[in-house]
Amino acid sequence: MGLIDDAAFLLLSTVAILSGWRVFATDSMVRASFLLMMSFIAVGLIMLLLAAPYIGLATVFMMAVEMMVMALFMVMFMMNPAGLNPMMMVHQHQLAIGAGVFAFVGLTAAVLFTDLPDDRVDPGAPVVHDLGVELLGNSMLIFETAGVTLLATMVGAVVLSSRSGRFGAADEGSRPPGLEVGGEPAGRQPVQGGGGHHHHH
Amino acid sequence: MQAVAILSVLLLLLFGAWLAAILDRAGNALVAGDRVRTAAVRPLHDLAAHLSRQTTTTEAPDRLNWRLAPVAYLALAALGLSVVPLAPGVVAADFDAGIVLWGACEALTVVVVFLHGWSANSEFPLIGGYRYVAIGLPVMLISMFVLIAAALPAESLSVAAIVESQREIWNVVRQPIGLPLFLLLGLSLTLRGPFDYADSDDLIGGTRAEASGAQLAAWQFARLAMLASVSVMASAVFLGGYLGPVLPGALWLILKSGVVLAVLIAAGHLLARMPPSRMMTFIWTVLLPLSFLDLVLVGAELLIWG
């Protein structure tokens, strides 16, 4: 069993590293998103080897949804038709290389100089149950705070970056064109008094 | 025992897909007054016809993703099915967190369908892929909530434990909102009927518009296999799986799955499709709150009587 585990670990970590590298070498946002997803899936499967089935699978499924949404939003906001046009996936080269080398050296040092536990998890241990008690017990406040903060950040980022609406700037009150020339705006009417000023012609 | 279970999973997918293809045609033939008798062999004729045609290509597709999408779709159907116990103690992948594995398969299905549409490098498949993400993701959220509700009485994420928790009363009785919502997920995962926003006729086939030959055959087979997989999962989680009197457990599971399969196919043919934007509103304002309600009701029930 030990040999199979080791082989699986080596295979999965190779996939994780190679697909992580390809994220920065590819020329399409959609490919970059799903290569990153593949890297994370490999890491999630390594979690399974480490007897953390829930965390491993949750990583797979969160990353699948997350990278899907990321690909969609990147294409929407970047004006690159459908993410099919080739584009450079890296910028600020010197800073990026410096930061990469620094992070690699730091993490390698942390791994090499930390006294990592090597006791095997008892196969009968209720790991999923214990994780649930931990998540919904003492650590609940931390996780919930982090979750709501992330959600607020996402909503804020979308609001700030999507000012230009379909019928004009979003904060100026958007009015769809009328059905006749100079007619009343078609479709749903903006609520009176709510946000921005209204144009009168 | 595990080898038997793995083989059974593959047979379930193969014959489930065939049965689904038969029922798909039999319904139409019955309504149109055609001969129903030939429905059993027509899918095989279609398969042979697809396989005898060339596999064409487009200008500069992402060939790797395009060719692999049907394979990945089929693999996800098999992987999701592998955590379902086929009879007491017979399960291909006896996994503590089986229902989470199924959830991961659902999420990856959205990715695979999107990639199938994106990688063809052609307009209609691309629109189908994007439209599917918008509809497929919230439908997947709905299924997460009803599956969590089904796992609550079992106090476990293992599908085997969820089946065993239904010895007294099936989940479809205990939490009646769950099954219909899960069936909607089935329609969405298999690009069918009211939830077919990826491969629909208004996009001349959507993500499969440019697929042909063996690739198209593989894609259509994967859709039908996923339908079989969803049916078995629905009967395990909501209809007591292999539980039942007199007959052997595996037979009960097959019978229940067959009924669910027929209901799904009928729903796919009988329910009309809404425009994508209206469907989005419907999902976020009606179906998703319904799945919350399901979870709240199950929680309250377990607190009071559990």
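B:Glu155 sits in the loop between α5 (123-154) and α6 (159-164) of chain B; helices here are DSSP runs of H or I at least four residues long, strands are runs of E of at least two, and both are numbered from the N terminus. This is a predicted model, where local features need pLDDT of at least 70, side-chain atom pairs count only at pLDDT 80 or more, and totals for chains, interfaces and linings use all residues. Residues are numbered from 1 along each chain as its sequence is written, while chains are lettered from A and ligands numbered from 1 in the order in which they are written.

B:Glu155 has a positive phi of about 50°, although it is not a glycine. Most residues other than glycine have a negative phi. B:Glu155 counts as exposed because it has 12 C-beta neighbours inside 10 Å.

Now look at the loop between α8 (178-189) and α9 (213-238) of chain B, where you'll find B:Leu191. Its phi is also positive, near 55°, and B:Leu191 is a residue other than glycine. Is B:Leu191 buried or exposed? B:Leu191 is buried, because 27 other C-beta atoms lie within 10 Å.

Next, go to helix α1 of chain B, residues 2-32. Its 31 residues should span 45 Å at 1.5 Å a residue, and the end C-alpha atoms are 45 Å apart, so the two agree. (The expected span is 1.5 Å times one less than the number of residues.) The buried residues of α1(B) include B:Val9, B:Leu12, B:Gly16 and B:Leu23. What do the buried residues of α1(B) pack against? They pack against α2 (42-52), α3 (63-81), α9 and α10 (249-270) of chain B. Contact means that the C-beta atoms of two residues, placed from the backbone, lie within 7 Å. After α1(B) comes B:Gly33, with a positive phi near 80°.

Then there's the contact between the chains, which takes 15 residues from chain A and 19 residues from chain B. On the side of chain A that touches chain B, α2 (29-49) and α3 (53-78) of chain A each supply at least two residues. α3(A) gives the most, with 10 residues. The residues on that side of chain A divide into 15 nonpolar, no polar and no charged. Here Ala, Val, Leu, Ile, Met, Phe, Trp, Tyr, Cys and Pro count as nonpolar, Asp, Glu, Lys and Arg as charged, and the others, Gly among them, as polar.

As for confidence, the model scores ipTM 0.88 and pTM 0.87. Chain B averages a pLDDT of 91, with 100% of the residues scoring at least 70; pLDDT is the predictor's confidence in each residue, from 0 to 100.

Terms used. Buried ≥ 20, exposed ≤ 12 C-beta atoms within 10 Å, placed from the backbone.
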